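Subject: Structure handover

Hi,

Here is the structure I promised to pass on. My notes on its inside follow below.

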Amino acid sequence: MPVGGDYESLRKDLSSKAPSPSTLLDNGSKTSLISRVRRSLSTASSPNNSNHQKQHPIQGTIRRQLSSTLAGPSSSRLADSIISSSTNTTSMVHEPFQQQDEKSLSKATSLETLLKQQDHYHNVTTHTSKRSPPVSPTKMAKSSSSSSSSTRSSSRPQSPAQRPIDEEHHGTLYIPSMAFSNRWKRQSNKSQRLKNMVVSNQVSVMWAPAPAMYWSQPTVHGVVPKPVRAHTSVAVNDLMYVFGGSGNNGCSHILYALEMDTFKWIKPRTSGERPPATRAHSIVAHHEKIYTFGGGDGSHYTNDLYVLDTKTMVWSKPDTLGPRPCPRRAHSSFIWRDTLYIFGGGDDAKALNDLHALNLDAMTWMSVDTKGQKPHPRGYHSGTLVMDKFTVFGGSDGNICFDDVHILNLETSTWTWIDAHVASGLNTLPKRLSHAAVGVGSYIFITGGHDGTRYCSDLILFNLATMTWETRKVYGQDPSSRGYHTAVLHDSRLFLYGGYDGKKFYNEIAILDLSASAYLPQITKFTIDVP
């Protein structure tokens, strides 16, 4: 028999004889029956059943009941139609972000709202697709990590109400049962804070608006360094190099590197004349070379210069000409116009405030004579280069913790003391030593340090355009109070590493996503008005 005409004719004939639902049931009975069927199917549906072609056992029972109730030549087909329609409706329970009837979801309003807020929160992240999976209170499924290659993953914590993507459910998001919803409501009633807080690594943190700055502590892997303080860190391309420092086992001479896009620690294989174990030295990068100067171990101070070529990973100790700076540590260094500058520090006998320069082309040292009101001798200060101005803040001479700001105009070799102001949120000028400072546009970001009384964990900003100290609201899981740590800027994020709080050494990474609140107030074209 041909597969064409006869079969088509038979199908049309059967279709014309099939009764419609309206001829079998009145509107009230039909609506009541379909509602009961849908409720039964909703109860029987299981999100773990990914094979939608197989019929649930309860669906078979309902199908037989419908067939006997409808009692007609096409009752089976009508039962299948009702079951199919009900199943499609039930599947919408697993699609939380589709528009649904508010009345049908009235019992889960709070849960649905929370999920929608969390979905928005998850999509306004700042991390790139190459970064590692987010810190989460739940274990992410394989499909979640694979899908992160096309979206911007986040280190921000997720809500306890959200569940990972279920790869067996074809990418749909599993919504917790009503029992879970009720438990969540009871917990919310006991503690109103849960409405505004999420859980990450067993630490409760506040929800963060999209443009807010946000602290996070990502999970790292690889060859993780031991806890350390008074080390140095510098960013070269997408790597943060960490060298030296002291910990529970004394000073270190080991070089580590953090892949800042994947949070993987590595221990680079180097050769050449490596520097000895040291702490409180300085480090700076220029043309993919790393220059480290000074430092020491115990009572030993040094004024040696070592250079690491990051292309060949070869250390060298170049010969230099001219009068070298005296041995020191706790100083600062920077490079301007192919010249390495060294300022301040201490030589075991006294604090220093001298300035020395090394021409990197001729490898010749010289002492720099300056004018103006130079800073008092100090060490453990911060020195930040912004354009052609070098800003010194804080530090100590062994007796006093300083709160002053001095700026050196490198064009005129003139020091200027800054009569700084404080904005709302700060009562007095901040004092700091052993803090970390990073230039971000027209601001200098200061993290942590010691104020002469205690270790700090706050973030303060110095506005170079207005010479004003400011604060910002920062969300997330901020690092604990500490000093002798480091911070570098990469991809609109500050990477804080290591440190010491008087009792404990640290080796954790804390990341500050600067976001819009750090950049919107920026003055893109500004001058630092000093002589």
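Predicted model: local features only at pLDDT ≥ 70, side-chain atom pairs only at ≥ 80, totals over all residues.

How many cavities of 30 Å³ or more are there? The count comes to 3. A cavity here is a set of points on a 1 Å grid over the protein atoms alone where a 1.4 Å probe fits but cannot get out, and its volume is the space filled by probe spheres set on the points, which are joined across faces, edges and corners. The largest cavity has a volume of about 90 Å³.

Residues are numbered from 1 along each chain as its sequence is written, and side-chain values use heavy atoms, with hydrogens and water left out.

Now the aromatic rings. The whole structure holds 13 aromatic pairs (Phe, Tyr or Trp rings, the six-membered one for Trp, with centres within 6.5 Å; planes under 30 degrees apart are stacked, over 60 edge-to-face, the rest tilted). F343 and F390 have ring centres 6.4 Å apart and planes at 70°, so they are edge-to-face. Ring pairs link F334, Y341, F343, F390 and W415 into a cluster.

I407 is in contact (heavy atoms within 4.5 Å) with residues including F390, W415 and I528.

Best wishes

Key. 1 Å grid on protein atoms, 1.4 Å probe; cavity = no way out; pocket = protein on both sides within 12 Å on 5 of 7 lines; lining within 4 Å. Lists of a residue's contacts leave out its neighbours within four places in sequence.
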